[in-house]
Each structure stands twice: as C-alpha cells, then as structure tokens.
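Subject: Structure handover and findings

Dear colleague,

Please find below the structure that I am handing over to you.

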Amino acid sequence: MDVQWYPGHMTKARRMMEENIRLVDLVIELVDARIPLSSRNPDIDALCTGKGRVVLLCKADLADPAKTEEFTEYFRGRGILAVAVDARERKAGEVVRRYIQEAGREKIARDRARGIVGRPLRAMVAGIPNVGKSTFINSFAGRASTKTGNKPGVTRGKQWIRLGGDVELLDTPGILWPKFDNQVIGMRLALVGAIRDEVLDKQELAVWLIDYLEQEYPGVLQQKYLQEKAAQEELQEGEAADSSDQEEDAEGTVFSDPEEEAMLPPGYALLLKIAAARRLLMKGGEPDADRAASMLIDDCKNGRIGRISLDRPQDALKMEEERQAYTSARESETEKEAGKKKAAADRRKKSGEAYSDHSRKNTGNTAGKTGGRTGGKTIGRTGGKTTGRNSGNAFGKSSGKSAGRGRGTKGRNDAGSRRR
Ligand code: GDP
C-alpha cells in the first residue's frame, strides 16, 4: 500500500503558510492527540525557526488519557510547550492563553530591551487538515474577541482576531499536509480521518487496526462488537426467538470448522466475526469483510471504539529520528538544488555567446540522434514504463520516419493501456 502524492493545492497551502508565518511571533501547532507524532508535519520545524511554539494535542477527549499524558510529558521533556485539549471547549482557550504568554516571553523581553512596550503577540494556528484548527480558533476567540480587520501597510488583507492579554491571532490557519510515504503513518492518519481512506485498501486498513488494538487494547473489540451483541441477544431472548435464530445462523456461517479459522490471519478472522455479529452479510450469507472494514474504520475515526491512541509513546524516539532524518535529507536536497542552480548560472555566465551557439548545435544533434533511435530503443521503451511526454516525443518523430511507425503505434497503445 504505497501512498504518496503532493498535488498543486498542497504546494499552494504550504506557500501560504510560509507567507503568513513571517507575520507572527509564534505558532500554535495542532496535532491529533490520538496520533501526536504521526500528525506532525516534519517541515514545521524548518518553517518555525526563530518562532515561539506551543503544541496542542487536540481531540484529547477521543485519545487514551494515559498515552496522552505520556506524550505531553515527552514534548515537554524536549523543551516544547505542550497541552492536551478538547478544542471544542471554551476552556481550551483559557488554558492555551497562558501557554501563549509563556511561548512569547522571549519576544516580549526582546521588545522591552528595544523600548517597545505593549505590542501584541501575534500567533497563528497551524496543522494538518481536520485536526481542529477552525474549531480551536472559534473556541479560543470566543465572544470576547473582536476581529481587528485589515491593518493597512503591515498586514494587508489579513484578518486578525484580537484576544485579551495582548494576543492577536491570525484568523487563517496554516494548513500543512501530513507526510505519509511511510505506510503505517498513512494508515494512522486515515484512521483518524486526516486523509481520505479511499486511497487505501479498506480491508488492509481494518486488519491493521484490529491487529494493533488486539495488541494495545486487548478485549476492546470483542466487548464492543461481539459481547455487546451477545448481551443484547440475551436480553431479547424469548421476545424475538425467530430473529435470534437468524443471528445464530449468521454467526454460525463464519467458521463452522475451527481449522478454517486457524488458517486465516487472526486480524482477518476477527474482521469476519465482527461482520457476522453485526449481520453485515453478503447475498449468500457470507460475512461481508468490506462493509465490516468500513464500519470499523468509521467507528475508529469517530471515537466509537472508545478512547484509543494509535501512536505509542514508546515509539516516539524512533519516530523523532525518522523525522529528523527526513528534515536533514530535505535540507541537503535544497542545498544541492541551490548549488546546482548556481553552478548552471555560473556556467551560462562564463560561456556567454558561445553558449547559445553551442546550444543551437546541440539541438540539431539531438534531433538527429532521436530520429535514429526512434525506430529502435525509444519506441520499445515507450511501450513500457514511460511518461506521457516521452511517448509523445517518440510518436511525433516516428510518424515522420516510416521505419519506426508500426512499432510506434504499438508503443502508444501499450503506454495508453498501462496508463488506464
Ligand atoms: P480543521 O480542518 O483543522 O479546521 O478542523 P475542524 O476545526 O474543521 O474540525 C474537524 C472536525 O473535528 C469537526 O467535526 C470538529 O467538530 C471536530 N473536532 C475538532 N476539535 C475536536 C476535539 O478536540 N474533540 C473532538 N471530539 N472533535 C473535535
């Protein structure tokens, strides 16, 4: 299950975030308390350099309180101000206000040293989609706040929400996309509703969840999906003997033979049992694993399985190392890119006129070479794993050269069918 994409709207959101971050003194970084590590964007450290920072573990009401406590301590241990909140509650705002003053203390001291007193602290909220940014801004701002409107000259077009205690909050939150080329992180993000699960295989996702819950919260699934049902049936016994017969039939169809169950991966076997217990059956009466998977995923997203966390505090250090490796790889990539650009610019500068002559000559050569290759290797490759651009080039050329034409057409068909 490989998922990785970064469409245009994500790049745009990041650019907006980069622009807005210049206007603020501190960033309130929202993470999902159920996955406080997986829901952090690794770019945020680089983006927030020199800014104060508060990490809010939102949706703490849905997370495992013991794990949330450990995670909060973990952040604090690393010198990051962190607090767990239910972003829908107004008191979240009150709690956070104190942390904001604390995070902005350095800035206030700097201002004072320069003789500036009373300049409000400017903050922005940032985090991945659906983490609770708008909800938090609403409860934080509350009724007491006033929108300050545009500030000509300084923050044109930006809306600031003035809060008590000399804090101004940018009313446009910074959206950061989670990084999820790591499969497990992708699954955790999908299970809290931070990314759309259509991009993932539902059954695989549900089985991963089952395996995880069986390990971290043993018995929770049985109690919710198997025993609750059994208890209900007991209550209804006698009242609806007919329907309970039907249910027995439904469950009976799962594993009449224990050996059959033993042959399946345990997570998948439990998924089928859950399907049967919830009477999610296919036409022939077989448990419908797909529907059970969808139900389970949905219940998880909405906190119906109970207060669970999908990140584990004991993985924090390892995940932090991965995050840092990613950040330094990205930094060196950016440096390399900048180095390459500079070298290219220097070369261009040196060669001057000669460069354009040379480049004209090159164009001629390339055309010649490609024409020669078109009837051979290039077309062959086009039929394989090629990009649209390659195949387009190859065809443009080959249709002009009769030798390559027939194979070129085949190539196009192949490439087309692969893309479909
Ligand atoms: P945004 O995309 O980051 O702005 O997220 P929203 O503020 O729109 O919140 C997404 C959903 O999560 C909404 O349905 C909110 O009601 C819900 N939500 C936000 N914060 C919390 C929280 O702390 N606890 C719970 N249970 N739900 C929350």
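Predicted model: local features only at pLDDT ≥ 70, side-chain atom pairs only at ≥ 80, totals over all residues.

Residues are numbered from 1 along each chain as its sequence is written.

**The chain**

The chain has 16 helices and eight strands; these are DSSP runs numbered from the N terminus, with helices being H or I of at least four residues and strands being E of at least two. Of its 420 residues, 31% count as buried. A residue is buried if 20 or more other C-beta atoms lie within 10 Å of its own, exposed if 12 or fewer, and partly exposed in between, with C-beta atoms placed from the backbone. Among contacts between residues at least 6 apart in sequence, 69% join residues at least 24 apart. Two residues are in contact if their C-beta atoms, placed from the backbone, lie within 7 Å.

The buried residues of α6 are K133, F136, I137, S139 and F140. These buried residues pack against β1 (26-32), β2 (52-58), α4 (90-103), β4 (121-127) and β7 (167-170).

Just after α6, G142 takes a positive phi of about 55°. Leaving aside neighbours within four places in sequence, R90 is in contact with S139 and G142. R90 is exposed, with 12 other C-beta atoms within 10 Å.

**Two loop residues with positive phi**

Most residues other than glycine have a negative phi. Two residues deserve a check on this point. K59, in the loop between β2 and α3 (65-77), has a positive phi near 60° although it is not a glycine. N130, in the loop between β4 and α6, likewise is not a glycine and has a positive phi of about 70°. K59 is buried, with 27 other C-beta atoms within 10 Å, whereas N130 is partly exposed, with 17.

**The packing of helix α8**

Helix α8 (residues 202-216) packs with helix α13 (residues 289-301) at an angle of about 55°, their axes being 9 Å apart. Axes are lines fitted to C-alpha atoms, for helices over the stretch in contact, and angles run from 0 to 180 degrees between N-to-C directions. The two helices are therefore oblique to each other: angles under 35 degrees count as roughly parallel, over 145 as roughly antiparallel, 65 to 115 as roughly perpendicular and the rest as oblique. On the α8 side K202, Q203, L205, A206 and L209 meet A289, D290, A293, S294, L296, I297 and C300 in α13. The residues of this contact divide into eight nonpolar, two polar and two charged.

With helix α12 (residues 266-277), α8 makes an angle of about 105°, and the axes are 8 Å apart. These two helices are therefore roughly perpendicular. Here A206, V207, I210 and D211 in α8 meet G267, Y268, L270 and L271 in α12, a contact of six nonpolar residues, one polar and one charged.

C300, in α13, counts as buried, with 23 C-beta neighbours inside 10 Å. Beyond its neighbours within four places in sequence, C300 is in contact with L191, L209 and I305. The C-alpha atoms of C300 and L191 are 6.3 Å apart, although 109 residues separate the pair in sequence.

With kind regards

Methods. Nonpolar A, V, L, I, M, F, W, Y, C, P; charged D, E, K, R; others polar.
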